[in-house]
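Please look through the sequence and the model shown here before reading the points below. They are meant to be checked against the structure one by one.

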Amino acid sequence: FLTRAKEKYFNEGGERVIDIEEIVVVAKKRQSPFFATGNTGSRLHGDLSGYASIYDALATFKELNVIGQNVTTLKQYVSQGLVDNESIILSETNDEQAGEENDVSFIQTIPSMDDDMLTPEVYVNEKNSSIEDLGNYDMKYVERLAFVDGKAAYMLGLSAPAGAILVEVSKEGLYTTVTSDAMARVVVRGCQKPDQFYKPKYPTIADRLAEKKDMRSTITWEPLIHTDALGQATVAFYTADRSGTYDVILEGITDDGELCRSTEKIAVEFKPLQ
């Protein structure tokens, strides 16, 4: 089939195609600058298919608190540095904790942070994403996973006081969703109205002597053949400009609903017209 398709392409004005033996190109994978920082945060790479989800993997990071799909950075890992020369205000209110130590009363001021201030940024393949979208990736396609603190995120050009979660996903897994192995996807085929199969016509001798060769691999398809009272029918078609053996497959159904199938072969010898 491929040989005939190439000949047809060449005879209709295309360039000749020559297949060469398979070659294997080996190259070192480009290291993402997001994973080349000097940050000492937690990271995972390699085969991560043992984790049920990205949230399951993130739960092993010491810097993060993971409850379901809610991911927050622990307070001691939240940056208190500077962004664009302006101070990052982590809290506008303070909680006071009272107590006694060695018979001396004291009041300790504790910074108050809500979940928004503790929520890290998420970047998938260097593009900003959301924590809710992390559940859409199959772990067999996740190649790297890391957490960088606020200072390291700032070095990467990211404004993320609570740090950033960096995810690297292969191209195959960018648009896949996590599915259960216990579920099968079944495509049910419906009914299709028979289409008219294209067959070339050669009504005149000039048409038959044309220089353009007929290199079809499928000669004809007749979806609606009705037999006569004797169970006979006639089908006419033009062969291609190639000698060889044609496979004929006949399939149908009787008036009583019985299926029938028969196969035959036709030998064709190409003889150019003089």
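1. Aromatic pair. Rings of Phe, Tyr and Trp (for Trp, its six-membered ring) pair if their centres lie within 6.5 Å; planes under 30 degrees apart count as stacked, over 60 as edge-to-face and the rest as tilted. By this rule the count comes to 1 aromatic pair. Tyr202 and Tyr238 form an edge-to-face pair, with 5.1 Å from centre to centre and 85 degrees between the planes. The pair links distant parts of the chain, 36 residues apart: Tyr202 is in the loop between strand 11 (164-169) and helix 5 (205-208), and Tyr238 in the loop between helix 5 and strand 12 (244-253).

2. Basis of the values. This is a predicted model, in which local features need pLDDT of at least 70 and side-chain atom pairs count only at pLDDT 80 or more, while totals for chains, interfaces and linings use all residues. Residues are numbered from 1 along each chain as its sequence is written, and side-chain values use heavy atoms, with hydrogens and water left out.

3. Whole chain. The secondary structure comes to 5 helices and 13 strands; helices (H or I, at least four residues) and strands (E, at least two) are DSSP runs, numbered from the N terminus. Of the contacts with a separation of 6 or more, 55% are between residues 24 or more positions apart, where contact means heavy atoms within 4.5 Å.

4. Burial. Buried means under 20% relative accessible area, exposed over 50%, and partly exposed in between (1.4 Å probe, protein chains only). Of the 274 residues of the chain, 23% count as buried. Tyr238 counts as partly exposed because its relative accessibility is 34%.

5. Glu172. Is this residue buried or exposed? Glu172 counts as exposed, because its relative accessibility is 55%. Glu172 lies in the loop between strand 11 and helix 5. The C-alpha atoms of Glu172 and Val142 are separated by 9.9 Å, and the two residues are 30 apart along the chain.

6. Positive phi. Most residues other than glycine have a negative phi. Asn125 has a positive value, near 50 degrees, and Glu126 has a positive value near 70 degrees. Asn125 is in the loop between strand 8 (121-124) and strand 9 (127-129), and Glu126 is found in the loop between strand 8 and strand 9. With a relative accessible area of 27%, Asn125 is partly exposed; Glu126, at 35%, is partly exposed.
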